[in-house]
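Colleague: Could you walk me through this model? I'd like to go from the overall layout down to single residues.

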Amino acid sequence: MIIFGARTKFLTASVSGQTCGHCDTGKLNLVYTIRYFHIFWIPMFPLEKRAMTQCPHCKQVLTSNELAPESRNYLNTQKSAIRTPLKYFAGLIIIGLFILFIVVATAFNKTGRYVNKPKVGDIYQIKSDTENQFTFLKIVKIEGDSLILAVHKLNHVPQADINEQRVFEHYDKDFTPLTFKMSRNNIKSMTKGSKNLVEVFRK
Ligand SMILES: [Zn+2]
């Protein structure tokens, strides 16, 4: 069973200069609460802030609807200046992080999947000897457990210049006739450790 609903928590309080209209003695406290939607008591997102006054002398509590219009306006102006603490967005934040995790994991898996089942025409983005610069290898033939890979003309392409569109429209034209053979296992090991194989591009 999923337990969910709205809860109210104390947010903050301050002292107003106003004198209590009921006992004409106490200086009113302004009390702010927050209502939020929860699932299993974990705040998901805030619903609304509420404001009330509280007299420390006669103990009268008035919600903003029960106040005179000018007091109500004052209370509401103050209320809008109070920031909602981040923890009341916990659920939304968790959901956002979860979606991000899925997106990243899927992107990573795409590389893993393509490396496990190579296809002629796949282009591998490979780290070069310089930090943050890359070269490419292209599968031109598959022979059993080995791949025949074409070497690219460029070997210092910055990451900023690499995306799927550019790879196929631009870099794909610049593979040299030079090829070499590499086992599938060696290619797989390049996705681990120092991750020399960064990404696989497939049309
Ligand atoms: Zn009072």
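**Layout first**

Modeller: Happy to: the protein splits into domain 1 (4–91) and domain 2 (113–201), with bounds that come from an automatic or database domain assignment. Keep in mind that this is a predicted model, where local features need pLDDT of at least 70, side-chain atom pairs count only at pLDDT 80 or more, and totals for chains, interfaces and linings use all residues. Residues are numbered from 1 along each chain as its sequence is written.

Colleague: How many Å separate the centres of domain 1 and domain 2?

Modeller: The C-alpha atoms fill a box of roughly 95 × 40 × 25 Å along the principal axes. Taken over C-alpha atoms, the centres of the two domains are separated by 60 Å.

Colleague: Is the protein a compact globule or more spread out?

Modeller: Start with the parts: there are 4 helices and 10 strands, which are DSSP runs numbered from the N terminus (helices H or I, at least four residues; strands E, at least two). The radius of gyration, taken over C-alpha atoms, is compared with a globule rule of 2.2 Å times the number of residues to the power 0.38. For 203 residues that rule gives 17 Å, and the protein comes out at 31 Å, well over it, so the answer is more spread out.

Colleague: What does UniProt place at residues 88–108?

Modeller: Over that stretch the chain is 90% helix and 0% strand, with end C-alpha atoms 32 Å apart. UniProt positions use the numbering here, feature names are shortened, and annotations may be inferred rather than shown by experiment. The unreviewed entry calls residues 88–108 a "transmembrane region".

Colleague: Which strands stand at the edges of the open sheet?

Modeller: This sheet has 4 strands in the order β1-β2-β3-β4 with antiparallel pairing, where two strands pair if DSSP finds at least two bridges between them. Each edge strand has a single partner, so one side of each is left without a neighbour in the sheet: they are β1 and β4 (61–63).

Colleague: How many bridges join β2 to β3?

Modeller: β2 (residues 27–39) and β3 (residues 42–54) run antiparallel.

Colleague: Which helix lies across β1, β2 and β3?

Modeller: Helix α2 (residues 90–116) lies across β2 and β3, at about 160° to β3. Those angles run from 0 to 180 degrees between N-to-C directions, with axes fitted to C-alpha atoms, for helices over the stretch in contact. Lying across β1, β2 and β3, at about 145° to β3, is helix α1 (residues 69–81).

**Single residues**

Colleague: Leaving aside neighbours within four places, which residues is Lys-9 in contact with?

Modeller: Lys-9 sits in strand β1 (residues 4–19), and its C-alpha atom is 6.5 Å from that of Arg-35, 26 residues away along the chain. Contact means C-beta atoms, placed from the backbone, within 7 Å. By that test its partners are Thr-33 and Ile-34.

Colleague: Is Trp-41 buried or exposed?

Modeller: Trp-41 lies in the loop between β2 and β3, and its phi is positive, near 70°. Buried means 20 or more other C-beta atoms within 10 Å of the residue's own, exposed 12 or fewer, and partly exposed in between, with C-beta atoms placed from the backbone. Trp-41 has 9 such neighbours, so it counts as exposed.

Notes. Contact = placed C-beta atoms within 7 Å.
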